[in-house]
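Thank you all for making time this morning.

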Number of protein chains: 2
Amino acid sequence: MKQAIAQLLIAQKGNYISGEEISKLLAVSRTAVWKHINSLKEEGYQIVAAPRRGYCLVERPDILSMVEIKTGLETKILGQNLLCFPLVDSTNEVVKREAAAGAPEGTVVVAEQQEQGKGRLGRQWVSLPAVGLWFSVLLRPEIIPAQAAQLTFVSAVAVCRALRAVTGLPLLIKWPNDILLGQQKVCGILTELSAEIEGIDYVVAGIGINVNQQLEEFPPELRDTTISLALAAGHSFSRAELLRKILQEYEEQYRLYLEKGFAPIRSSWRKFNATLGKEVLVSTREGSFTGVAEDINEDGCLLIKKDSGEREALIAGDVSLRGSLMTKSKSNS
Amino acid sequence: MKQAIAQLLIAQKGNYISGEEISKLLAVSRTAVWKHINSLKEEGYQIVAAPRRGYCLVERPDILSMVEIKTGLETKILGQNLLCFPLVDSTNEVVKREAAAGAPEGTVVVAEQQEQGKGRLGRQWVSLPAVGLWFSVLLRPEIIPAQAAQLTFVSAVAVCRALRAVTGLPLLIKWPNDILLGQQKVCGILTELSAEIEGIDYVVAGIGINVNQQLEEFPPELRDTTISLALAAGHSFSRAELLRKILQEYEEQYRLYLEKGFAPIRSSWRKFNATLGKEVLVSTREGSFTGVAEDINEDGCLLIKKDSGEREALIAGDVSLRGSLMTKSKSNS
């Protein structure tokens, strides 16, 4: 009921609607309306009340609630099953538990805060409350495990397009799927899968975006290599609106992938990439080397021409532009 | 304590050991010894007692208990963490839950019965109590998801070698990893994985072996395509002994794989295979075709020269010899 009242107020934002009208429209007592309005105020909704005119929503809070995310969400699959939490261990872990219990494709888990946010390669992802977008998407495509890497490019292209559209910032993608402004990281993506040899059971795309952090909210060791959208643009963003835009763009790119395969995704990725044609330093479990990043192949591997002249297809590892800053202890950067 | 007493009796099988001696050796009361002996008898141990001589183990039961499996197990990793259950949903599911909670490489889960035994491609696996070996092995190799298919060949080679050694039967492997006697299925393997794009978290190899079933214990629709080791050999087998032999062989093949890569595994697989060089009928999600199975590649794909002359690398699907029987509703066959 609180959600329904919030939706009415949001639809009438800036205009008054009387308690009596709400009470009639939703078949609920005046007392209940009053209680729910108070509860919405506690969540951060700025609602003014005037005698004989009723209630007027002045300002919506920047919270990741069901109502804030779903109001205006124009997707058919992604986020239709939406779970919002104040605090989780990791949104990827929640999705994996939901998936094992049979959750449908398109399930989205959002949290205001993660206690054990995960980055690629087992690294930590710093997930402060209320300033970022930390969420995970459950997909169940009919592909084999080796193709799951392609989905990480679907995620990167979708997020890059959505963030560019909302913020106007010239964001680019670093192989495989970090989103950068210049050399500073705005977004990281961690793709996990559960599968048989002959087919995927599910893929989880975990997406972490630095949205409204101020400089002092980043750990000192990340300040050179990380940036939030708010710091870059000079103003804050509605995280719910960003999330809606991302889910819409993601659904579009995912449908394109299912219908046309990896080719159109690869082509978009090439357009937005910050890696190809550059001299890079590559760090893998086996060691480091330098070379030129030439392209990505069908499996999502980065094709590198080493300084030695050898060519290598890289599936795992860290790539940085030669001479640029690198940190490896935490992966928001 | 019951396990320790069982181990003493097993070590002295056929000889008497007095209650007083057991009591002293294990620092336990005579009454407790007597109670544990009774409990072992209930499990199926045939123990005779004689005045002034004590207890003598005449016959061990064919049960999959900790003692029966671990006594004589010569592995360093596989089965060192061993979990035995009378009944589970599926041993693969138990291993996946254990793995998510941090269980170590080599964890083995064995069950007398599975309620929801799983075959490849989402099929059912009939797992009657006390007549088969239904178990799963947890591995944590440093490989990428696409390489997980190689492990399914490690499993098949290890099981085939172990079963041949114990039974003397001329068993062969059908691509990718069914173990057959002639055209009849003895063993199926279901490999599942949990991973990031850049590396495996864990692989579960679920192995189901028809050991001591009599013909009437198979569902009628499986009787043409399935056989137990006991039916084939004309006598029953100790399932615990079979399992020990498999775990030992598995550890050896797995170590070989980690040290030398896929080449020696592929070479063993070729030696034991029942598919290469044969005219086959292939059924996939997309349809059926016929051709000749020529080889397997580095990814475990079956390389087929179709009747049309085209070549195809098959990662998923069912392969049967042309003209042989096929059933698809259940996968023990």
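In the hairpin made by strand 8 of chain B and strand 9 of chain B, two residues lie between the strands, and Gly182(B) takes a positive phi near 60°. Please keep in mind that this is a predicted model, in which local features need pLDDT of at least 70 and side-chain atom pairs count only at pLDDT 80 or more, while totals for chains, interfaces and linings use all residues. Residues are numbered from 1 along each chain as its sequence is written, and chains are lettered from A and ligands numbered from 1 in the order in which they are written.

Strand 8 of chain B and strand 9 of chain B (residues 184–196) run antiparallel and are joined by three bridges, and Leu181(B) stands opposite Gln184(B) in strand 9 of chain B. When I speak of helices (H or I, at least four residues) and strands (E, at least two), I mean DSSP runs numbered from the N terminus, and two strands are said to pair if DSSP finds at least two bridges between them.

Which way do the residues of strand 8 of chain B point? Asp178(B) and Leu180(B) point one way, Ile179(B) and Leu181(B) point the other way, and all are buried. A residue is called buried if 20 or more other C-beta atoms lie within 10 Å of its own, exposed if 12 or fewer, and partly exposed in between, with the C-beta atoms placed from the backbone.

Another buried residue of chain B is Glu249(B), with 22 other C-beta atoms within 10 Å, and Glu249(B) lies in helix 8 of chain B, residues 239–260. Leaving aside residues up to four places away in sequence, Glu249(B) touches Ala158(B), Arg161(B) and Ala162(B), where contact requires C-beta atoms, placed from the backbone, to lie within 7 Å. The C-alpha atoms of Glu249(B) and Val157(B) are separated by 8.8 Å, although these residues are 92 residues apart along the chain.

Now to the two chains together. How many residues does each chain bring to the contact? Chain A gives 20 residues and chain B gives 20 residues. On the side of chain A that touches chain B, helix 6 (148–167) and strand 9 (184–196) of chain A each supply at least two residues, and strand 9 of chain A gives the most, with seven residues.

Turning to chain A as a whole, we find nine helices and 15 strands. Its radius of gyration is 22 Å, close to the 20 Å that the globule rule gives for 333 residues, so chain A is as compact as a globular protein of that length; the radius is taken over C-alpha atoms, and the rule is 2.2 Å times the number of residues to the power 0.38. Of these 333 residues, 44% count as buried.

The domain assignment divides chain A into domain 1 (2–59), domain 2 (66–272) and domain 3 (279–321), with bounds from an automatic or database domain assignment. The centres of domain 1 and domain 2 of chain A, taken over C-alpha atoms, are separated by 33 Å.

Finally, two sheets of chain A. Three strands form an open antiparallel sheet in the order 1-3-2, with strand 1 (16–17) and strand 2 (46–50) as the edge strands, each pairing on one side only. Five strands form another open antiparallel sheet, in the order 14-13-12-11-15, and here the edge strands are strand 14 (311–314) and strand 15 (318–321) of chain A.

Notes: Contact = placed C-beta atoms within 7 Å.
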